[in-house]
Amino acid sequence: MSAKPIREYDAKLLLAYHLERAPAVDSNAQVATKFVYPSVKVAQVSWDAETGAITPDTQLPGWVFNTKLVAKPDQLIKRRGKAGLLALNKTWEEAKEWIAQRAGKPQKVESVTGTLNNFILEPFLPHPSDTEYYVCITSAREGDSILFTHEGGVDIGDVDAKALTLNLPVGAPFPSREVVASTLLKHVPQAKKETLIDFLTRLYSVYVDLHFAYLEINPLICLDGVNGGAPTIHYLDMAAKLDQTAESICGPKWAIARDLSVYESGSQAVTSKGKAVSADRGPPMVWPAPFGRDLTKEEAYIQKLDGSTGASLKLTVLRPEGRIWTMVAGGGASVVYSDAIAAHGYAHELANYGEYSGAPTEGQTYEYAKTIIDLITRGQPHPEGKILIIGGGIANFTNVAATFKGIIRALKEYKSPLINHKVRIYVRRGGPNYQEGLKAMRLLGESLGVPIKVYGPDTHITEIVPLALGVTSKHKNALHSIPPTPAPASPKASASEPVSEPTVGSIHPSGERTQANDQIVHFDTVEGAAQRPAYRPFDATTRSFVYGLQPRAIQGMLDFDYSCGRAAPSVAAMIYPFGGHHIQKFYWGTKETLLPVYTSIADAVKKHPDVDVLVNFASSRSVYSSTLETLEFPQIKAIALIAEGVPERHAREILHLAAQKKVLIIGPATVGGIKPGCFRIGNSGGMMDNIISSKLYRAGSVGYVSKSGGMSNELNNILSLVTNGTYEGIAIGGDRYPGSTFIDHLLRYEQDPECKMLVLLGEVGGIEEYRVIEAVKKGVIKKPIVAWAIGTCAKMFATEVQFGHAGSMANSDMETADAKNAAMRAAGFIVPDTFEDLPEVLKQTYERLVGNGTIQPKPEREPPVIPMDYKWAQELGLIRKPAAFISTISDERGQELLYAGMRISDVFKEDIGLGGVVSLLWFKRRLPPWATKFIEMVLMLTADHGPAVSGAMNTIVATRAGKDLISSLASGLLTIGSRFGGALDEAAAMFSNARDTGLTPREFVDNSRKANKLISGIGHKIKSVNNPDLRVELVKEYVTKNFPSHSLLDYALAVEKVTTAKKDTLILNVDGCIAVCFVDLLRDSGAFTPDEADEYIKIGTLNGLFVLGRSIGFIGHHLDQKRLRAPLYRHPADDIFINMADVAQPRVLGKMQ
């Protein structure tokens, strides 16, 4: 939802901070008097459900204790005074007692009961009743309006009848002071007019700057000036809504106003040490639930999950004890299922409303499903059992099988509770890979012990509802295909594929060579865009730009083009500001074609004069600027805005500017639209299997318009089954201010002679359907129009529920779905009794048009076969290929990183340490603690051996030559080998082999001497028997105390006795000691077989320990030299013996030919 209500406390803080600071909305919107900005004082008192206590006195501002107060609940409750929820002229002790008596208690306000848990305190302001005014600023598609009346207060009555209104159209300058006064302040005393003009001017500036969507003050107090001063402004009650989608723009402004240290240090100020650090100065805005709809723990969890993903996850628990639960994919589909349940008389048993959409991951779907299933299986089993409807429309791009994996995981986890609660599950879904998803669900039903009925897109979207409820459905939806009507003829674009090519290849004037076996298809750019009537913005020659790197969507558009038999692709180029000019390759049927990528719209327009459509995939943060830039080019006649979450004020500016320039805007928050046989916007129509099954590769006779992208696919499917198919279909998007509305597209269809029948799928909220009703009443629209508004279930809910789309909430009776359906029926629309009757009504209307000759069916044609993409085929399990690499130690593909099968969270929970991580990644198993501790000990012992060794010296020299850390580290590591650091592997092999072959220590020494071979791991330049190496002593001590067996260490020490008898420096050095001890670890820990132990010795594991440990020291030397800013190193010449070869010596001379 975009426009969301906020607490009165927060609204007043926003005004307190920004009324004086917000930039003027217009150059002429300036303060002209000595305006006294209100000094707003507000405090918040909250009730803590866990402790049962209210906010302590220590956290309240000082003025609360010495001021007479007003106390009232701050929970989006209307008409608090009439409900007896006002405490006036109270001391803090009195107000505190009043709050304590009500806090945490249920309170009924009109028909809604909720718990009071948040209160607002303000100074009590005595005032005459004739100083009370009313002001309200509202937003609509056309612009903003300021409503004002000189009679405010509790008994204001009918505001719409009383208030004077100043309309502020989008893009128009702010009116002059004279206009404001003459329009709004006719009944205000002259002495107060100038002050009120200044206040209203500043109030509107704040409204615009902070992206308010609604702001009401009643009463607004304007007191006479004291001692000749200017009148003063005060506001008592306030209600406000902010555009939540503008948080990326206004978040810092909202936050700083909520930083209480700005107003008074201490007392509720967020200044204490240890507080969580927020992204801005001040805490982020809070979006409270409606009164009577306190968020449950589960709802709060899903809300948090939703905020951390680009997908949409929504959950509202209506009746925890309810018997019927839904888990529906798609915003529009979720409403349709709730409507169907209510239409069958089961609204009182509907337990929840929710939806998941936007391609959530398997993990996210699992969490969502688990939360709902956990709620279903709580409490005592219902005697009639429970029902879970896993429904959804035909997805555009969501992999149905992937999302079902998450649901299946959750169902398996709750197998026993589901059986105990006698849960019956009904599944209906379509879209990419739906066959595999439904198959997996069907197989689950056979093994889970829970009844699962599975249906695909050949079943009407809500047909599973009566099946689940056990009621007889009177709907008989014909499922058969109807012949098509071909698309209107359009001039063909020319492709430059030569008919015959020379064997060697020909060189074109551009310098490009075309070979006979080239798989690249080239297309010519036409001089200008094809001329087409205004009512037909898309045809078979339409060419477009795609803004953003969207290879999947573009390939889908090109596959659609090819299936339609277009002469050239509908996408001419991509625009991506961040990557530089380049070319990307796409499939054109079985061959390939190249599409350029430009960094600016100007470059693209200059190179492609035939393009007149832009499909804008820019994010919600950049779609505004990119669209304004696009509107500067008259060549572009239509723009589709795909992004969700576009701030409403930005959307309004775009749609009004586009209207001035006569540019068609589709969206925002849309999947786009489709013109079968001609043009497809982005992912509209879904994957190619749905394009083919819904016969979108050729034109039908029915033009429809909808808000929902998922429901558009349903309409495509239904129309292909009960009529000859879609002529054109547009999803205008679910936001409050779509760039084009129902009437815009229906008027086009009315003018288009090829479109014979109209369909309107509206929904609860907004008034756009009434514009169509007026057009039908006036005879502007004459073609038969079948219509339905979804959201009829809204009246069944006790509290306000926000449906899947931002605009789907009724703000008045006429905005309800029932009112719209009744009005459309009365105006002559063909309106079914329920959504389930829609296919039958469409079929009857179509057959009537065929009967009277309006539609003349034509023979079906077969579309060309388009090969499936390799990646998608692999995902579907249709093909296989050998992997280029095999990895068995880690996996990051799931929700959590795995080390040899161990979750990374468990790595930290069990505190296995660095040694444990090495054991997992090197040995693919958990080693005992004594072994992992030994690994860590080795890393510490080998970390460094001073700056003079070759590896450290190389690192230092490279660092001083200005090299980066990686280069310097690599320079040092490359010195490790048999002469430096590589003795561990060799020592392990020599000692192991000697003992395994039965040699005594003396025989081992003697044999090595006879072979003129030094024993690796024996000998030290400095250390001796009498001056032992403490590193060796530490290792020996640890091993003898902790290892279960250390036979090879004992053998090595016996060898040491033989060698030291000859010379006291021939001791077992640290490399040898580590090597033999590590062999003991491998052979005697019980974690390895003898063959595995030998293999790890052979493949360099021990040297790996030295490399890993010594890297620590090399990095230290690099950082040390950088810190010292050491200059380039040049070795002194006198330290190098230079011996040039004598001239008399033989030399090899080169001969020149």
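Contact here means heavy atoms within 4.5 Å, and a residue is called buried when its relative accessible area is under 20%. The model is predicted. With those terms in place, the description starts with helix α23.

Helix α23 runs over residues 838-851. The buried residues of α23 are Leu838, Pro839, Val841, Leu842, Lys843, Thr845, Tyr846 and Leu849. An α-helix has 3.6 residues a turn, so residues three or four places apart point the same way. Among the elements that cover the buried residues of α23 are helix α19 (709-722) and the strands β34 (757-763) and β35 (785-790). After α23 comes Gly853, with a positive phi near 85°.

Helix α17 can be read in the same manner. It covers residues 648-660, and its 13 residues should span 18 Å at 1.5 Å a residue; the end C-alpha atoms are 19 Å apart, which agrees. Buried in α17 are Glu648, Arg649, His650, Ala651, Arg652, Ile654, Leu655 and Ala658. Just after α17, Lys662 has a positive phi of about 60°.

Two helix pairs come next. Helix α26 (residues 913-923) packs on helix α27 (residues 929-941) at an angle of about 100°, and their axes are 7 Å apart. Angles of 65 to 115 degrees count as roughly perpendicular, and α26 and α27 are therefore roughly perpendicular to each other. On the α26 side, the contact is made by Gly913, Leu914, Gly915, Gly916, Val918, Ser919 and Phe923. The α27 side supplies Thr932, Ile935, Glu936 and Leu939. By class, this contact of α26 with α27 has five nonpolar, five polar and one charged residues.

In the other pair, helix α31 (residues 1001-1010) and helix α33 (residues 1047-1062) have axes that come within 8 Å and cross at roughly 60°. That angle makes α31 oblique to α33. The crossing of these two helices, α31 and α33, is right-handed. Pro1001, Arg1002, Phe1004 and Val1005 of α31 make the contact with Tyr1051, Ala1054, Val1055, Val1058 and Thr1059 of α33. The residues in this contact of α31 with α33 divide into seven nonpolar, one polar and one charged.

Key: Residues are numbered from 1 along each chain as its sequence is written. This is a predicted model: local features need pLDDT of at least 70, side-chain atom pairs count only at pLDDT 80 or more; totals for chains, interfaces and linings use all residues. Side-chain values use heavy atoms; hydrogens and water are left out. Helices (H or I, at least four residues) and strands (E, at least two) are DSSP runs, numbered from the N terminus. The expected span of a helix is 1.5 Å times one less than its number of residues. Buried means under 20% relative accessible area, exposed over 50%, partly exposed in between (1.4 Å probe, protein chains only). Axes are lines fitted to C-alpha atoms, for helices over the stretch in contact, and angles run from 0 to 180 degrees between N-to-C directions. Angles under 35 degrees count as roughly parallel, over 145 as roughly antiparallel, 65 to 115 as roughly perpendicular and the rest as oblique. A crossing is left-handed if the near helix is turned anticlockwise from the far one by less than a right angle, and right-handed if clockwise. Ala, Val, Leu, Ile, Met, Phe, Trp, Tyr, Cys and Pro count as nonpolar, Asp, Glu, Lys and Arg as charged, and the others, Gly among them, as polar.
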